[in-house]
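Please keep the sequence and the structure open while reading.

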Amino acid sequence: MDIKQNLQNTWSHLANKRMLVCIFTGIASGMPLFVLFQYMPAWLRESGVDLKTIGLFAFIQLPYVWKFIWAPVLDRFVIPFLGRRKGWLFVSQLAIAALMIGLSFFSPSSDLRAIVIIAVLIAFFSASLDIVIDAYRRELLPDEELGLGTSFHVNAYRLSVLIPVTLGLILADHLPWGTVHIILAGFMLIAVGIIVFIPEPTHRFATPSSIKSAVIEPFKEFFQRSGWKSALLILAFLFFYKLGDNFAVALSTPFYLDLGFTKTEIGTVAKVASLWSSVIGAFVGGLVMVWLGIFRSLWVFGAIQMASILGFAVLSEAGNDPITMFWVVSFEYFGVGLGTVALIAFMAKISNKQFTATQFALLSTLASLPRVLASASSGYLVEGTDAETSSFVVSIFETLRIPLEGFGWTNYFYFSFFAAIPGMLMLFYIAPWNGNPDAWDAKDKDKKAD
């Protein structure tokens, strides 16, 4: 295929309604998350809530971690209007909008318990919305558009922060918080209206006949598809592919502060560079995947993602240099954007369309675990242990031959680089460069379910 044909093929994928739908679903999916974790803390703090209480609000993210538990319900039951996926999209978004309006009736100074309950419910319906959107996107897009559609979704998700945080906080300087809550809910109501007009994916499968089958069959099918050993290796790959990258960025802000950068420099240079570099990386990744395919993209993007980690080691040695920080952060988050798109597209491709919601929710949950591991252990790895460190942690350090005094920043980033190697090595089996791109697909994906 010559360059002209490549460009025509790319344009045909770019200029279609499916990409617009991916942008819309990305915005609808991201908005509730940023309302919970960036907009609400500002509201609570200005209303006099102490930082410890605001910190405990982190526990409302649990529905996002455990969403695979009720994902089978969304596969099993069909809302009696709009369709299997659109029906649940409609209900989830309407519930979020109603709950956001409900926030306007309460004050943090006197109704904190009610606000917590509403926040948990928003998180639940937001996690449910993510389950359905992931399933919807997998079923809507042909395989060759999974990467590009995912890049549009991821970028729209990230940029949706501009609505609740940028617009919301600016409005809060001029309007009562309750009024701003209602305005933000209005954006979700617009999304509810758009649901009516987007297409419902064509389903070749019957829905599971019972909750039992909706829970058991997705796991059974996944482990039987290529054998349990192959299934476990895929799950291990999902865990390790971005492990090094997760370690590298886990303590990025404290790292910048330790180098002597001001909070203004961090907010303007590092945070802006990270946002737009990850957006560009995701977009470029989506385009490149149209040409390379998912397997080869995992190799190329993984190598860039891995190399970008070393930039932090360079910055650690360079010290307080804003220009070096800008380029290091830009390169790192460009790699983050590439790797994220490739991994999400891979998870979508290997999800059986008969059980899309359940399998995708399980795979995405597993892929998010390294971020939790990195966040929990990174401080110990940098600073080491002390007299108050539990004997269990000390024994892990000794077993893994990690110095008890810690790595320090530079060696920590070298450690993060080496932590990325196992995931790359697994690609020899998971995604061989010249391997069959349909190797891990469901064998019966084109057959009608009984």
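## Terms and basis

A residue is called buried at under 20% relative accessible area, exposed at over 50%, and partly exposed in between, with a 1.4 Å probe and protein chains only. The model is a predicted one, in which local features need pLDDT of at least 70 and side-chain atom pairs count only at pLDDT 80 or more, while totals for chains, interfaces and linings use all residues. Numbering starts from 1 along each chain as its sequence is written, and side-chain values use heavy atoms, with hydrogens and water left out.

## Overall make-up

The protein chain has 20 helices and zero strands. Both are DSSP runs numbered from the N terminus: helices are H or I with at least four residues, strands are E with at least two. Of the 450 residues in the protein chain, 52% count as buried.

A contact here means heavy atoms within 4.5 Å. Among contacts in the protein chain with a separation of 6 or more, 83% come from residues 24 or more positions apart.

## Two nonpolar cores

A nonpolar core is a set of buried Ala, Val, Leu, Ile, Met, Phe, Trp, Tyr and Cys residues joined through side-chain atoms within 4.5 Å. The largest one has 75 residues, and Phe237, Tyr256, Leu298 and Phe346 have the most contacts inside it. Helix α15 (residues 263-318) supplies the largest share of this core, 18 residues. Apart from it lies another core, of 52 residues, which includes Leu103, Leu129, Val180 and Ala191. In soluble globular proteins, nonpolar side chains tend to be buried together.

Not counting residues up to four places away in sequence, Phe346 touches Ile234, Phe237, Leu238, Ile294, Phe295, Leu298, Ile430 and Trp440. Trp440 lies in the segment after α20 (421-430) and counts as buried at 8% relative accessibility.

## Helix α10

How far apart are the end C-alpha atoms of helix α10? They are 28 Å apart; at 1.5 Å a residue, the 19 residues of α10 (residues 177-195) should span 27 Å, which agrees. The expected span is 1.5 Å times one less than the number of residues in the helix.

The buried residues of α10 are Trp177, Gly178, Val180, His181, Leu184, Ala185, Met188, Ala191, Val192 and Ile195. They cover an arc of only 165° around the axis, which puts them on the same side of α10. The arc is that of the directions from the helix axis to the C-beta atoms. Their cover includes α2 (17-46), α6 (84-103) and α9 (163-172).

## Aromatic pairs

Rings of Phe, Tyr and Trp (its six-membered ring) pair if their centres lie within 6.5 Å; planes under 30 degrees apart count as stacked, over 60 as edge-to-face and the rest as tilted. The structure holds 24 aromatic pairs. One of them, Trp70 with Phe124, is tilted, at 4.8 Å centre to centre and 35° between the planes. Trp70 is in the loop between α4 (62-65) and α5 (71-76), and Phe124 is in helix α7 (residues 112-140), 54 residues apart. Trp70 is buried, at 16% relative accessible area, whereas Phe124 is partly exposed at 32%.

The ring centres of Phe247 and Phe415 are 5.3 Å apart and their planes are at 75°, so this pair is edge-to-face. Phe247 belongs to helix α13 (residues 243-249) and Phe415 to helix α19 (residues 408-419), so the pair ties together parts 168 residues apart in sequence. Phe247 is buried, with a relative accessible area of 5%, and Phe415 is partly exposed, with 24%. Elsewhere, ring pairs link Phe255, Tyr256, Phe312, Trp409, Tyr412 and Phe413 into a cluster.

## Between α5 and α6

Leu82 is found in the loop between α5 and α6. Its phi is near 75°, a positive value in a residue other than glycine. Leu82 is partly exposed, with a relative accessible area of 30%.
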